[in-house]
Amino acid sequence: MGSSWSSLRETKTRYSKRMSQVFESKKESEGAIVVAIEPVSATPTSEPAPPAPSPKTNGEGTTTTDTETATETTTQNASSNTSIPTSIEAPTPTLRETTHIAIIGGGIIGLITALGLLHRGIRVTVYERASKLTETSAGFSFSSGARQAMSHTSPRVREALRNVAAPNPYPFIRYFDGFTPGVEDPLWQIPAERPDYHGCLRAAFLEALGSEVRSAGDEGVIRFGMSLEGYEELSEEEGGKVRLTFGDGTVVEVDAVIGCDGIKSRTRQIMLGEDDPAALPGFTHMVAYRAVIPLDAVVAAMGEDKGYSHCLHVGPGAYTVTYPIANNTLSNMILFCKTTTPWPDANKLLASCLRSTAQEAISTWKPDIRSLIALLPETPSKWAMFDMSSHPAKSYTRGRVCVAGDAAHASTPFLASGAAMGVEDAAVLSTVLETALARPATGSAGEKSAAISAAFRAFSARRIERSQMVVRYSREVGEMCMWQDEEVGRDPEQCFQGIWRRYSDVWEFDVQEMVEGARRDCIALFEGGEKGSS
Ligand SMILES: Cc1cc2nc3c(=O)[nH]c(=O)nc-3n(C[C@H](O)[C@H](O)[C@H](O)COP(=O)(O)OP(=O)(O)OC[C@H]3O[C@@H](n4cnc5c(N)ncnc54)[C@H](O)[C@@H]3O)c2cc1C
């Protein structure tokens with residue numbers, strides 16, 4: 001056993017007092033592996049000062065065949081013509097004031113990115129396929145790093161989270177053996193202070209983000225029922241816009257496009273080409289059964305100690321995650337399972353199934369886990385876990401189009417960091433676009449195109465390595481928790497070491513440095529330097 005392993009064990013007692021306060025009824029278990037909570041020097045603990053808000057602009061320069069927007073544009077022009085005194089020369093606008101960006105997809109990353117751009121005075125329209133904002137009734141956790149990235153993006157994003165999320169009240173994330181009879185103590189545990197997760201309901205967060213976008217943007221900032229089908233980048237001679245075509249026949253022209261259209265992103269398919277191996281995600285042969293269950297029922301099944309804390313139960317071919325949400329009234333519960341059966345329809349990642357299918361996967365596990373899974377609804381949802389680990393995208397941009405969030409780097413959820421990576425994308429994208437569009441607008445379509453594509457290249461270069469590391473690590477952590485990793489097997493020490501190393505790489509990260517680095521790359525690229533090219 002290595003020395004770092006021993007020192008981890010030695011730190012265990014530091015938390016026993018706090019643990020006993022939370023779980024008065026239970027003594028801290030012997031043999032659990034506890035990790036020291038040392039401040040992570042690379043990660044700033046204080047909130048970064050938010051960027052100064054720029055004046056809200058409606059933007060112009062948008063050519064569109066979409067009647068509603070075209071009418072709006074005419075009205076704005078007419079009113080500005082009458083309100084500007086002709087004797088005073090208007091100041092030269094910057095590129096920012098004449099830029100209109102389309103965000104494809106109104107999921108959480110689309111809305112967070114929209115808030116980042118609106119905060120910097122850049123006009124955006126979010127085009128969402130669904131008829132309203134839609135999320136599942138599951139839980140979400142955001143680490144302190146993810147929240148810092150939110151603060152960098154816009155104070156409105158933090159406000160939206162603050163309104164719906166609460167810090168997790170328990171001191172540890174504990175890993176139990178859910179399978180082997182007689183092994184009752186935690187196999188290892190991680191101090192909850194390290195990720196410092198704040199949990200919320202996904203639907204509530206999306207709704208809160210939607211309200212913030214509506215109050216920060218112009219009327220019609222979110223357009224529903226708009227499913228992107230295709231796009232074409234027009235040449236400078238043709239006006240230098242990107243022409244978008246939607247399923248209902250609407251055609252819109254904008255200056256740039258950010259595809260936040262999720263794991264099966266149409267933007268990514270068009271951008272990379274449908275023959276590119278990264279155009280479509282791959283099935284991981286893992287599925288998830290998810291439910292939000294009254295906490296009382298979970299406590300009755302597993303006891304108070306486990307019910308009121310963040311627990312994982314690992315075992316052969318499956319593992320469970322449970323933690324309280326919604327002010328300790330509900331429990332977010334997920335059962336992940338390995339499967340050899342191919343997923344029947346790659347276009348539908350969600351299927352309905354019988355509870356007995358989930359119960360079969362853990363039929364030989366311990367009684368408390370069997371009781372927990374019996375709490376699933378009779379016909380629970382079964383989620384296919386697809387990701388991009390087998391075929392990662394070589395770039396997140398081409399020309400004046402880029403992809404972010406799951407559209408760029410869809411991940412399995414085993415590190416609980418997929419959305420966090422999308423938030424980091426939003427922080428970088430808003431920063432580089434603000435930087436690139438700060439130049440005076442000369443009226444040349446070429447100049448604006450060059451600025452936008454430099455910003456997108458700086459974004460892609462900064463984000464690609466880290467976000468794809470998370471996709472890879474997440475898959476590996478899933479395999480370890482399901483005892484599928486051949487080297488690690490079911491050895492708790494090796495399992496812990498493997499998982500902890502990967503978690504640390506995700507959490508110990510300097511968001512400020514990433515954002516500033518991207519800004520420098522963007523300037524260097526725009527000025528013709530080599531740095532940052534992807
Ligand atoms: C079980 C599970 C648990 C998870 N837990 C966590 C967690 O705790 N913490 C964390 O950080 N991450 C977590 N994740 C990951 C997280 O859910 C995703 O990374 C995140 O939701 C991605 O957001 P997105 O906006 O990029 O994509 P999506 O949420 O998929 O949104 C995409 C949007 O685009 C729209 N759209 C799609 N196609 C088009 C089109 N052609 N035209 C217009 N609109 C379109 C869709 O309707 C949708 O609204 C978890 C994932 C899973 C599966």
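So, the chain has 17 helices and 20 strands. Helices here are DSSP runs of H or I with at least four residues, strands are runs of E with at least two, and both are numbered from the N terminus. Keep in mind that this is a predicted model: local features need pLDDT of at least 70, side-chain atom pairs count only at pLDDT 80 or more, and totals for chains, interfaces and linings use all residues. Residue numbers start from 1 along each chain as its sequence is written.

Of the 534 residues in the chain, 49% are buried. Buried means 20 or more other C-beta atoms within 10 Å of the residue's own, exposed means 12 or fewer, and partly exposed is in between, with C-beta atoms placed from the backbone. Now contacts: two residues touch if their C-beta atoms, placed from the backbone, lie within 7 Å. Among contacts between residues at least 6 apart in sequence, 76% join residues at least 24 apart.

Okay, the ligand. It has 35 residues around it, and the closest are Gly 105, Gly 107, Gly 262, Gly 405 and Gly 418. To count, a residue needs its C-beta atom, placed from the backbone, within 6 Å of the molecule. Which helix gives the largest share of that shell? That's H14, with four residues. H14 spans 418-436, and other elements supplying at least two residues each include helix H4 (108-119) and strand S13 (282-294). Domain 1 and domain 2 each put in at least three residues, with domain bounds taken from an automatic or database assignment.

Strands of a sheet pair through backbone hydrogen bonds. For us, two strands pair if DSSP finds at least two bridges between them, and S3 and S7 have four. One of those links is Gly 139 with Leu 201 in S7.

Last stop, Arg 519, in helix H17 (residues 511-526). Is Arg 519 buried or partly exposed? Arg 519 is partly exposed, because 19 other C-beta atoms lie within 10 Å. Beyond its neighbours within four places in sequence, Arg 519 contacts Thr 431, Val 432 and Thr 435.
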